[in-house]
Amino acid sequence: MKTRITELLGIEYPIIQGGMAWVAEHNLAAAVANAGGLGLIGAASAPPEVVREEIRKAKELTDKPFGVNVMLLNPNAEEVAHVVVEEGVKVVTTGAGNPGKFMDLWKANGVKVIPVVASVAMAKMMERAGADAIVAEGMESGGHIGSQTTMTLVPQIVDAVSIPVIAAGGIADGRGFAAAKMLGAEAVQMGTAFVVAKESIVHENYKQKVIKAKDIDSEVTGASTGHPIRVLRNKMTREYLKKEQEGASFEELELLTLGSLRKAVMEGDVVTGSVMAGQIAGMIKEEKTCKEIIEGIMNEAEELLSK
Ligand code: TUI
């Protein structure tokens, strides 16, 4: 399936992997790239030299295009922005902020820039700043989210910009892909579906928590701090939401989640760790390879879209 996104990025299928903190490392990025999608290394809060190593390791595993997600709340974002250029990465997605100040650097070095946004205003601002495409991410997503749903956000952004739009949030099968296309998207970005990929290095406990999750098993923590984060319900979320309701300070709430994503992803602590996942977790039932995930979705979507 050709779209402006497959042409822009030189990939076979219009499927992009989310740049998930701790999860989106070189093995997953290379597996998605080798399966014909766009793999991403999630720089998250990693030190710049770790990001450089991840990029080099991914290059050893694939000769297909892959990108880096720069998380803009990272105090090291500026150094990471330079590492991406130095290592010759050709695509960057950004999250959790406005990448405006890095746009000139990236554009001057031929890097394609795809900001992830959660509002029409930010999408328009990014187009004016020179973005090559936009990921419109709905609040069905895991992790740091905005307040619009994918259903409402995608068509409004499609109407507001002329660069291609990638839909994200709540998509994990061919029906979701086809729906995104109907809303005007030219690709999808998926996170939760790739968390449980066979090639994903995520701890087995985390994968099982996603696989066992039902539709209603996620919560949004941190709404009061200005950083709403969707995670699967556990002891941590129950304590967090109770404290949040009692009006706990930002610092007290931060203590509950400090290092908690790493604890869940790497150590498998799904009781007091942060198990970030989207609302579509309820539909994900088994571990599959990235190739099976991507080809399954494309086959189902092409059949639906040809009816
Ligand atoms: O970035 C994400 N998802 C993430 S980042 C992350 S790491 C983290 N951990 C703890 C606390 C905070 C972050 C986990 N999940 N998705 C992309 C995304 N970007 N969703 C929403 C936004 C966004 C929000 C505000 C993009 C731009 C924006 O602009 C605000 C402004 O005006 O600067």
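1. Let me start at a loop: Ile 201 sits between helix H9 (192-195) and helix H10 (204-212); helices here are DSSP runs of H or I with at least four residues, strands are E runs of at least two, and both are numbered from the N terminus. Ile 201 is partly exposed, at 35% relative accessible area (buried is under 20%, exposed over 50%, partly exposed in between, with a 1.4 Å probe and protein chains only).

2. A word on the basis: this is a predicted model, where local features need pLDDT of at least 70, side-chain atom pairs count only at pLDDT 80 or more, and totals for chains, interfaces and linings use all residues. Residues are numbered from 1 along each chain as its sequence is written, and side-chain values use heavy atoms, leaving out hydrogens and water.

3. Next, the sheet. It is open, with 8 strands in the order S1-S9-S8-S6-S5-S4-S3-S2 and parallel pairing; two strands pair if DSSP finds at least two bridges between them. Strand S1 (15-17) and strand S2 (39-42) form the edges, each pairing on one side only. On average, neighbouring strands of this sheet are turned by 25° against each other, direction ignored (axes are lines fitted to C-alpha atoms, for helices over the stretch in contact, and angles between N-to-C directions run from 0 to 180 degrees).

4. Within the sheet, strand S8 (residues 165-168) and strand S9 (residues 187-190) are joined in the parallel sense over 3 bridges, and Ile 166 stands opposite Ala 187 in S9. Helix H7 (residues 150-160) packs on the sheet, touching strand S5 (112-117), strand S6 (134-137) and S8, and its direction makes about 150° with that of S6; contact means heavy atoms within 4.5 Å.

5. Helix H2 (residues 26-34) deserves a look, since 7 of its 9 residues are buried, including His 26, Leu 28 and Val 32. The buried residues of H2 pack against S1, S2, helix H3 (48-61), strand S3 (66-71), H9 and helix H14 (290-305). Gly 36, with a positive phi near 100°, follows H2.

6. Finally, two backbone angles to check by eye. Most residues other than glycine have a negative phi. Ala 44, however, has a positive phi of about 40°, and its place is in the loop between S2 and H3; Ala 44 is buried, at 11% relative accessible area. Ala 96 has a positive phi near 65° and lies in the loop between strand S4 (91-95) and helix H5 (103-108). At 27% relative accessibility, Ala 96 is partly exposed.
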